[in-house]
Amino acid sequence: MTADSAQSLARLAAERVDHRFKGLPPDADGLTVAELAGQRRNLFTGGFATPVLALSAERLEHNLRLMETYAARHGLAFAPHGKTSMAPQLFQRQIEHGAWGITLAVPHQVRVARAFGTRRVFLANELVDAAALRWIAAELDADPDFELICYVDSVRGVELMDVALRDAGATRPVDVVVELAAGEGARTGVRTETECAAVADAVAGTRTLRLVGVAGYEGEVPKADTERVTAWLRRLVALAAGFDRAGRFAGLDEIVVSAGGSAWFDAVAEVFAEIPELSRPVLKLLRSGAYVSHDDGHYRKLTPFNRVPEEGALEPAFRLWTQVVSRPTAEQAFVNAGKRDAAYDLDLPFAQVIRRDGAERPATGVSVTGLSDQHAWLATTPEADLEVGDWVGLGLSHPCTSFDKWQLIPVAEADGTVVDYVRTFF
């Protein structure tokens, strides 16, 4: 950890707890985050108010270690996507667990990462905003240790970047990778290899940009399956090899080839192992991000570890604790968390456990059928033993839209002892 990173994270620990942070004990107002963490309060008996989102300390550490080991085993550099958590404390832990740097999606996220000392950023997006480019140019010029790589996918985009950087008086070129689209109808990226060459030629015609490799996102492959994803990844590798034969990477220390969301990183590992020897060493950069907390829905079903169980298994680290506030009929109940508290863009939350009088049991016969702004609708069968006042632990789907609803998240050990708090910046 750099001195700047340590100082910035220390400032988070010095922040005062107050009404901004939902779910935290009301009697903790005025304490610093460090003071509250030092009290090691229990999530269930220490005055926390429902709803409250918690991260499992043990599962979080397990996931960090698992992906560190996976990347090392497969010879991959790892730049986990930080837009999942937007939590600098987790960025730092990811870097401590071997990450090359942090992937981000928009300039604001880069500003957050830089405010907490992140040295390497992969911006997995096109960047044509002049104000943002002025800021990035100033960051690069002021800090020779700062490294940033971003996408380009059009000649027009290259021209806009060049004008903005020249107007800003940039002295260091911005490193760029040509983004190969995942197919017709996919998201951003260049559609054909001929157009990729035109974009690369445009980069070569500037003094403000430097072509360092190729990249893309296999999660956007239409009707994605192993065969289609693998075919696209081989196109990406072939593009890098073709650029190298054409001398486009002359003068570099390494060539960047990057892909990898959270659904197909096994295919990325397999195809990147096939990259032929190029004129420079290859930085094989994986960017999966949802692993840090994993989930109980979408990514539990999609994770590549389902296909390669011998490599390990991620564990869902989130649980949203709610309380039954209404039980109007034998078939229905309501808890006090809704759309403002729980991710719902991919799946509804999952009723997992019930706590009453300190005892925890499975939420048998309880399911979430809908969300209002501040309530979850529960359907209950005759097997359900559920009363007003019970705590219900909900599993969530899609980490990215779980983190962004909570500014300060308790990290709890298995017995409920809260040992830390994670600050997010969305």
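**Helix α4 and its surroundings**

Author: Helix α4 is followed by Gly98, a residue whose phi is positive, near 95 degrees. The model is a predicted one, in which local features need pLDDT of at least 70, side-chain atom pairs count only at pLDDT 80 or more, and totals for chains, interfaces and linings use all residues. Residues are numbered from 1 along each chain as its sequence is written, and side-chain values use heavy atoms, with hydrogens and water left out. Helices (H or I, at least four residues) and strands (E, at least two) are DSSP runs, numbered from the N terminus.

Helix α4 comprises residues 88-96, and its buried residues are Pro88, Gln89, Leu90, Phe91, Gln92 and Gln94. Buried here means under 20% relative accessible area, exposed means over 50%, and partly exposed lies in between, as found with a 1.4 Å probe on protein chains only. The buried residues of α4 pack against the helices α1 (3-13), α3 (57-73), α5 (107-115) and α12 (400-403), and also against the strands β3 (102-104) and β18 (418-423). Contact is taken as heavy atoms within 4.5 Å.

One of these partners, α5, leads on to a further helix, α6 (residues 130-142). The axes of α5 and α6 come within 10 Å and cross at roughly 25 degrees; axes are lines fitted to C-alpha atoms, for helices over the stretch in contact, and angles run from 0 to 180 degrees between N-to-C directions. The two helices α5 and α6 are therefore roughly parallel to each other, given that angles under 35 degrees count as roughly parallel, over 145 as roughly antiparallel, 65 to 115 as roughly perpendicular and the rest as oblique. Their crossing is left-handed, a term used if the near helix is turned anticlockwise from the far one by less than a right angle, with right-handed used if clockwise. On the α5 side the contact is made by Pro107, Val110, Arg111 and Arg114, and on the α6 side by Ala132, Trp135 and Glu139.

Arg114 also has its charged end over the ring of Phe146, 3.9 Å from the ring centre. A charge sits over a ring if NZ of Lys or CZ of Arg is within 6 Å of the ring centre and within 35 degrees of the ring normal. Arg423, for its part, lies over the face of Phe425, at 4.9 Å from the centre of that ring.

Rings of Phe, Tyr and Trp (its six-membered ring) pair if their centres lie within 6.5 Å; planes under 30 degrees apart count as stacked, over 60 as edge-to-face and the rest as tilted. Phe44 and Trp321 form an edge-to-face pair, with 4.9 Å from centre to centre and 85 degrees between the planes. Phe44 lies in the loop between α2 (33-38) and β1 (52-56), whereas Trp321 lies in strand β10 (residues 318-329), so the pair ties together parts that are 277 residues apart in sequence. Trp321 is buried, at a relative accessible area of 4%. The centres of the Phe122 and Tyr151 rings are 5.9 Å apart and their planes stand at 85 degrees, so this pair is edge-to-face. It ties together parts that are 29 residues apart in sequence, because Phe122 lies in strand β4 (residues 120-126) and Tyr151 in strand β5 (residues 147-152). Both Phe122 and Tyr151 are buried. Finally, Phe44, Trp321 and Trp391 form one aromatic cluster.
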